Amino acid sequence: MIIEPNIRSNFFTSAHPFGCRQNVLNQINEAKSLKSFEGPKNVLIIGGSSGYGLASRIALAYGSNANTINVSFENEPKASKTGSAGWWNNIYFQEFAKETKNIHKDFVGDAFSQEMKQDVMSYIKTHFGHIDLVIYSLASGARMNYSTNELVRSHIKTLGEDAVGKTIDVVNKEIYDLTVTQASEQDVKDTVYVMGGSDWYDWLKALDQANVLNQFVKTVSYTYIGGPTTVKIYRGGTLGKAKEDLEKHAAIIDALLKEKYQGEAMISSSKAVTTKASVFIPQMTIYVSCLYEVMIKHNVHESILKHKHRLFSDMIYGDKRILDDLNRIRLDHLEMDEHIQKETIDMMMRLSNEELLQLNGTKIFLRDFYQINGFEFDSIDYTQEVNIESLSELQPL
Ligand code: NAD
C-alpha cells in the first residue's frame, strides 16, 4: 500500500513505518554525537514509545549504556490500518539497539492495569534483578478503572470561564479559534485520575513490594509549567490540576524511596515540544511555534533528544541540577528565561495569522507534527509501496 497522512480533526490515523524508522535513527545518531555519562544500568520507562519517553529511552540506551524496558500502548498494523507511530518506533528502536548489546524489552498493553505491572515485575526478576531508574512518561486521554470497569476520560478544560485560543489546522495550514469550556468538578476529578500521579505511585509501590528496586533508585516524571499565554488553559485548567497531583505524588514517592533505598523521586519541568496533543490545547501551537522561532534566533533551541539527554547527564546524574522552591527540576529554564518569554509573547500578540503561518518556527512545528507520525522526511520516497503485510510479522521484542 502507499501510505499517506490520514488526518481526521487534527488527529493522525496513519503512520509511515519507514518515516518512524528514520525518526528513531535520527535520535539515535544525535545521542551518539553527545557525551556519554555515568548513569543507571537498568531503566524502566512507562510510556517510552514516543515523545519524551522515547527520547529518554534513546538518551539512556546510548548515553549511559543502559538496559531498558518500555511499557506502551500502541496499535499494531491490521489489514488496511498502518499501525500507530509508537508501534513502529518500538520495532525500529529494537532493530537499531541490537548494536548496544544490551537488553531492551517492550511490553505493549495497558500500563494502568495490575496485570501489566505483574508481567513487568516477573520480567525484571528473571532478566534484570533490579531497576535503577523508573521514568513515568505516560500521556493518555483515558484510563480504565479496573475496580468499576469504567473508562475514565481526561478533559482539556478551564477552571474559570470558557477560554478561546488559536490553533492550527494541520491539513489546510490555517489558524482558527478553538474554544475550551469550563470544567465540572467531575471533569477535574477524571482528568486527575487519568493524568495525575496515582498510577505512578502504584508502579513504585508494586516495584517495592516485588523487591526489584535497587539501592539509590531514582524515579522521575515530567510536568509542564509554561508561561502566561497558556496559563488559563494549561496550568490553570484541568491539565494543571492533574500536574499538581503528579507533583504531590512525587513527594509521597520520594519519602518511600528515601527511607528504604536512599533513593529519590523527582519532577522535571520539561520544555514545550511538538506533541500529538499540542493542537488540542488552544494557544499551544502558536506559543510553541513562536517559542521555536525565538529560541532558534538566540541559539538555545534544543531537540527533544538533546533536552532529555541534558536532563540525565547534567541534572539527574550530573551536578548541574536547577531546582525551584517546590523542588522541581527546571530543565525548562531556557524556555522560561524572561527575555525568551517576553519576545515570544510579543511575537504572538503582534503578528497576524498570516504572518504567524510564515514563521520558520511554525514551519518547524508543522514538520515535527508530521514527522512524529513518520511523514515529511526528505530521505523517504512516499510514492513507494509499503508491504505492510510482511512488516506486520515484525513484533516488539
Ligand atoms: P506522547 O503522547 O508522545 O507519549 C505518551 C506515551 O504514553 C506513549 O508511549 C504511549 O504509548 C504511552 N501510553 C499512553 N497510554 C498508555 C497506557 N494506557 N498504557 C501504556 N502506555 C500508554 O506524550 P509526551 O508528549 O511525550 O508526554 C509525556 C509526558 O511528558 C506527559 O506527562 C506530558 O504531560 C509531559 N510533558 C510533555 C511536554 C510536551 O510539550 N510534549 C512538556 C512537558 C511535559
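The shell around the ligand is made up of 12 nonpolar, 12 polar and five charged residues; here Ala, Val, Leu, Ile, Met, Phe, Trp, Tyr, Cys and Pro count as nonpolar, Asp, Glu, Lys and Arg as charged, and the others, Gly among them, as polar. The model is predicted: local features need pLDDT of at least 70, side-chain atom pairs count only at pLDDT 80 or more, and totals for chains, interfaces and linings use all residues. Residues are numbered from 1 along each chain as its sequence is written, and side-chain values use heavy atoms, with hydrogens and water left out.

**Ligand site**

- The ligand is surrounded by 29 residues, of which Ser49, Tyr52, Glu74, Ala111 and Lys243 are the closest; a residue is near the ligand if one of its heavy atoms lies within 4 Å of it.
- At least two shell residues come from each of α2 (51-63), β4 (67-72) and β11 (213-223); helices (H or I, at least four residues) and strands (E, at least two) are DSSP runs numbered from the N terminus.
- A polar side-chain atom of Ser49 is 2.6 Å from a ligand oxygen atom, while a backbone N or O atom of Gly47 lies 3.4 Å from an oxygen atom of the ligand.
- A polar backbone atom of Ala139 is likewise 3.4 Å from an oxygen atom of the ligand; a polar contact is a pair of N or O atoms within 3.5 Å.
- Of the 840 Å² of accessible area that the ligand has on its own, the protein covers 91% (Shrake-Rupley method, 1.4 Å probe).

**Nonpolar cores**

- The largest nonpolar core holds 81 residues, and Ile58, Tyr62, Ile135 and Phe312 have the most contacts inside it; a core is a set of buried Ala, Val, Leu, Ile, Met, Phe, Trp, Tyr and Cys residues joined through side-chain atoms within 4.5 Å.
- Helix α8 (residues 284-297) gives the most to this core, namely nine residues.
- Another core, apart from it, has 33 residues, including Ile46, Trp200, Val212 and Leu213.
- Beyond its neighbours within four places in sequence, Ile135 is in contact with residues including Val43, Leu44, Ser56, Val220 and Phe312 (heavy atoms within 4.5 Å).

**Positive phi values**

- Ser9, in the loop between β1 (7-8) and β2 (11-12), has a positive phi near 50°.
- Asn10 lies in the loop between β1 and β2 and has a positive phi of about 70° although it is not a glycine.
- Ser9 counts as exposed because its relative accessibility is 67%, whereas Asn10 counts as buried because its value is 7%; buried means under 20% relative accessible area, exposed over 50%, and partly exposed in between (1.4 Å probe, protein chains only).

Key
A polar contact is a pair of N or O atoms within 3.5 Å; within protein, one must be able to donate a hydrogen and the other to accept it, and residues adjacent in sequence count only if both atoms are side-chain atoms.
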